[in-house]
Amino acid sequence: MGIFKRLKRIVTADLHDWIDKCEDPIRMTKQYLRELNEQIDNTQQALAQQFAIQQRYEMLIHRTEEIVKKRERQAKLAIEKEEEAIAKMALQEKISYEKKLETYKQQYNTLMEKTTYLNEQLKKLKEKYEELKIKHFDFIARAHAAKAITDVNTSLVSFNPEQILKGFERIEEHVRSLEAKAKASTYVYETQKTLSLPPVFHEEVEQELAKLKTAK
């Protein structure tokens, strides 16, 4: 699939339909970003090759131009020396190299156009990658928020206040029962403590009790 067909699929995909069809939309966005990053790497490699070829053509054009100039000088010098045969040979080579030079320049211009095109597409790919990366993080945040809201709503739906209140009432009854048992055990302890007093204390208690009755 071409670079821009893939981009078109990413950009124009309907989000809701996409989420319905994908088990893990976040994983899909990661995959799209990986694919796009691979295209960026491939384009950068192609562009590097284009620059290398472009430099070779520039050197070739420069050398050919120098040869054309040299043959022209040789032809002029041969004419000055009345060496017509040598002049013709020099001019013949000059014309041959001029034709080669024209071909090289045409190829170089075509190469430059492709290089410019690749450079523009690389820039667009990088911009689109950054744009989609931001969307990816936005999707993650929104997905997590949506899940959190769903979990909260699910908890609220399953929340039964009456049942919880009854549970607290049962706990309160249990605590009261424990408190009553503690109070009863204290009463029993105090009663047994009184009954277990030594005889001398019983006599004193009876005397004090008699005094209180007399005082009445």
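1. Helices (H or I, at least four residues) and strands (E, at least two) are DSSP runs, numbered from the N terminus. With that in hand, the elements of this protein read α-α-α-α-α-α from the N terminus on, that is, six helices and zero strands.

2. Please keep in mind that this is a predicted model, in which local features need pLDDT of at least 70 and side-chain atom pairs count only at pLDDT 80 or more, while totals for chains, interfaces and linings use all residues. Residues are numbered from 1 along each chain as its sequence is written, and side-chain values use heavy atoms, with hydrogens and water left out.

3. Of the 216 residues in the protein, 19% are buried, where buried means under 20% relative accessible area, exposed means over 50%, and partly exposed lies in between (1.4 Å probe, protein chains only).

4. Leaving aside residues up to four places away in sequence, Leu118 touches Thr43, Ala46, Leu47 and Gln50, a contact being heavy atoms within 4.5 Å. Among contacts in the protein with a separation of 6 or more, 78% come from residues 24 or more positions apart.

5. Arg73, found in helix H3 (residues 25-80), is exposed, with a relative accessible area of 52%. The C-alpha atoms of Arg73 and Ala87 are separated by 9.5 Å, and these residues are 14 residues apart along the chain.
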